[in-house]
2 protein chains.
Amino acid sequence: MRTRRPRFRDEIITLAHGSGGRATHALVQAVFLEQLANPVLSGLSDAAVLPLDGARIAFTTDTYVVKPLFFPGGDIGELAVNGTVNDLAVSGARPVALSAGFVIEEGFAVPDLRRIVGSAARAAAAAGVAVVAGDTKVVERGKGDGVYVATSGVGVVLDGVMLGPARVRSGDRVVTDAGLAVGDRILVTGTLGDHGLAIMTRRRDLRLEGDLASDVAPVNGLVRAALAAAGEDLVAMKDPTRGGLSSALHEMAAKARVGIVIEEARLPIAKAVRAAGEILGIDPLVVANEGKAVLGVRPRAAERVLAALREHPLGRSAAIVGTCIAERPGNLILDTGLGKRLVAELDGEPLPRIC
Amino acid sequence: MRTRRPRFRDEIITLAHGSGGRATHALVQAVFLEQLANPVLSGLSDAAVLPLDGARIAFTTDTYVVKPLFFPGGDIGELAVNGTVNDLAVSGARPVALSAGFVIEEGFAVPDLRRIVGSAARAAAAAGVAVVAGDTKVVERGKGDGVYVATSGVGVVLDGVMLGPARVRSGDRVVTDAGLAVGDRILVTGTLGDHGLAIMTRRRDLRLEGDLASDVAPVNGLVRAALAAAGEDLVAMKDPTRGGLSSALHEMAAKARVGIVIEEARLPIAKAVRAAGEILGIDPLVVANEGKAVLGVRPRAAERVLAALREHPLGRSAAIVGTCIAERPGNLILDTGLGKRLVAELDGEPLPRIC
């Protein structure tokens, strides 16, 4: 079977190439993976896992161009730190050290920079990790947009942890409440869509009722709790940032060659997020989360993991939301209670500069 | 004794804050180190060295905003890879893996992006390191400047290597040709100022005679050769990028509390670089090098290290250029042959966006 490789005929870069959806994937395949080709990079996981002197280290990077820099619930500084902590955490690693590079536009206010760096410092302390390397560059007015932040992180993969989106498996048939042959269960550690919709609401200057705020937070504590409860029964974890739960589960479904059914009634979505999503025409399932993890868990451990997550202050809204099935491999299916429909993979660019 | 801490009263960011000189240092101290404070970051070394499961790993990051993106001798892709390889190498580490994040401006030409990524890939292959993690973001037209690249790298510090700018030491008196009590010698692995002056010449569209090209190259091979020849007698290494040889030696002089005398006649500077420097009024000693290392070596090993460097294809112009002395601690002194003068530490911003 040949690998599906998206065609790439675009001649210039558009905002769609930064969406985290199909256009990004096509660009990454055609321009980056084709030339930088190596098996670790090609895995496109949240963090690369490398053998190093007997240990397994996780290594990850992200660039942050979120707009606005300050948003309800956080700012680019804590977003950058937590984003990197979370990439390490969902790779089964204990975050050890971070780096941070700042590209600052001439004319940027020093007090704002101080505030951003302060948020980054507090986020690092909260996650129990140090920023040990940094860089600062300044570009001329009109050649940046305030501040861009690039963070990288290294961590040590915990002993015995083997995670991968390809590891989830279907049962022979779907049995949701009892019986044998149930496929792996999909859990989320909390509400969905908060970050993306908080950003979009602020950007469009909508005044909505309710507390709409980014969920930006470190998930390493939640992940530790889940691993402690599940052991080897926790087989896959993803950080559902750009592209949201939808992209995370599409990836899992594609790599594991399973179908994934999610039940709409079980999806934890805050009222304010749902309302904002309806007004803006944005599905909370396709927007970035910045303090959540998606887990693939063997069915026998699902309730145990759920209980462990819910005991954690950041996991009170955790839920079992779906199941892996043998039918429709590679697809994500939404069970609305009234019927089932395929969820399309994000394509274009509904949400530029969300993180 | 209280630590000298530069005052920082600036209210907005200016290009000077990106120079790598005193303004950058003041910003980094006041905004970054004060809040992110930890001993590893505060060392401001080329790479952080961390204990990790028994090994010592080196970890470094850089952001690249060089302008133009394509310049004589290279482009931002190979600059970003080599810059990170070199930060690891001068920290005594074998580079293991790199990450690369791209912030791309909407409208950027895909063939140019492909070319940059291709250069990065070739540079990584030449240095024997893989790019294992990446990220791509797109910003709107007018919010970037083509492409910014953020690279980070991890490496394993070689057994027995102990390097630090504070480790160079002076002799009791300066004896340049024979005798006892000579201070540690300063070596450079090749010509100085090539990158900075190639960039400035191209940016100002000067047509100069001679081959003025960036020296962008990986120094890890040179460093290996030097370590093999010197063993423990190689005590300090720096990557003389922003601020050039001058900044690298000012740092060494300040941290080791020694004076450093460099002999003008021994400084390897290409004719074209010298000519461009004179026309532009830029001293090759204060501009970035991107394929060189500065070494502090115990005097007994200096000639041996020089010979080893000169055997390497990238080290043919290596030279012993200076000596650490007890007088004038913290200062860099240029011996012109006719007399001696202090070299001032770079302050303002002669060279924005040089790397």
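**Notes on a predicted two-chain model**

1. **A network to start with.** A:Lys67, A:Asp145, A:Arg353, B:Glu140 and B:Lys143 are joined in a network of salt bridges. One of the links is the pair B:Lys143 and A:Asp145, where the closest N and O atoms are 3.8 Å apart. A salt bridge here needs a side-chain nitrogen of Lys or Arg within 4 Å of a carboxyl oxygen of Asp or Glu, so this pair qualifies. Please keep in mind as you read that this is a predicted model.

2. **How the two chains meet.** Let's step back to the whole interface. On the chain A side, 81 residues are in contact with 80 residues of chain B. Together the two chains bury about 6,700 Å², and 68% of that lies on carbon and sulfur atoms. Which residues of chain A lose the most area to chain B? They are A:Ile13, A:Phe59 and A:Lys137, which together make up 10% of what that side buries.

3. How many salt bridges are counted between chain A and chain B? The count is eight. Several elements of chain A give two or more residues to the side that touches chain B, among them helix H1 (22–36), strand S2 (55–64), strand S5 (93–105) and helix H4 (110–127). Strand S6 (130–139) and strand S7 (147–157) of chain A are also on that list. By residue class, this side of chain A divides into 46 nonpolar, 18 polar and 17 charged residues.

4. **Salt bridges inside a chain.** Over all chains, the whole structure has 34 salt bridges. One to look up in chain A is A:Glu251 with A:Lys238, whose closest N and O atoms are 2.7 Å apart. A:Glu251 belongs to helix H7 (residues 244–256) and A:Lys238 to strand S9 (residues 234–238), and the two are 13 residues apart. Are these two residues buried or exposed? Both A:Glu251 and A:Lys238 are buried.

5. **Two pairs in chain B.** The side chains of B:Lys137 and B:Asp135 form a salt bridge at 3.3 Å, N to O, and both residues are buried. A second pair is B:Asp145 and B:Arg353, with the closest N and O atoms 2.9 Å apart. Why does B:Asp145 count as buried? Its relative accessibility is 18%, and buried means under 20%. B:Arg353 is buried too, with a relative accessible area of 5%.

6. **The overall build of chain A.** Chain A contains nine helices and 14 strands. Its C-alpha trace spans about 65 × 55 × 45 Å along the principal axes. For 355 residues, a compact globule would have a radius of gyration near 20 Å, and chain A agrees with this because its own value is 20 Å. Of the 355 residues, 63% count as buried. Among contacts in chain A with a separation of 6 or more, 81% come from residues 24 or more positions apart.

7. You can find A:Val321 in strand S12 (residues 319–325) of chain A. It counts as buried because its relative accessibility is 0%. A:Val188 is 133 residues away along the chain, but the C-alpha atoms of A:Val321 and A:Val188 are separated by 7.0 Å. Leaving aside neighbours within four places in sequence, A:Val321 is in contact with residues including A:Ile186, A:Leu187, A:Val188, A:Val261, A:Ile262 and A:Pro268.

8. **A residue in a loop: A:Ser214.** Where is A:Ser214 found? It is in the loop between helix H5 (194–203) and helix H6 (220–230) of chain A. A:Ser214 is buried, with a relative accessible area of 9%. Its side chain makes a polar contact with the side chain of A:His195 at 2.8 Å. Not counting residues up to four places away in sequence, A:Ser214 also touches others, among them A:Phe71, A:Pro72, A:Gly73 and A:Ala198.

Key
Residues numbered from 1 in each chain as written. Chains lettered and ligands numbered in written order. Predicted model: local features only at pLDDT ≥ 70, side-chain atom pairs only at ≥ 80, totals over all residues. Heavy atoms only, no water. Contact = heavy atoms within 4.5 Å. Buried area = accessible area lost by both parts, 1.4 Å probe. Helix = DSSP H or I, 4+ residues; strand = E, 2+ residues; numbered from the N terminus. Nonpolar A, V, L, I, M, F, W, Y, C, P; charged D, E, K, R; others polar. Buried < 20%, exposed > 50% of the residue type's maximum accessible area, 1.4 Å probe, protein only. Rg over C-alpha atoms; globule rule 2.2 N^0.38 Å. Polar contact = N/O pair within 3.5 Å; in protein donor to acceptor, adjacent residues only side chain to side chain.
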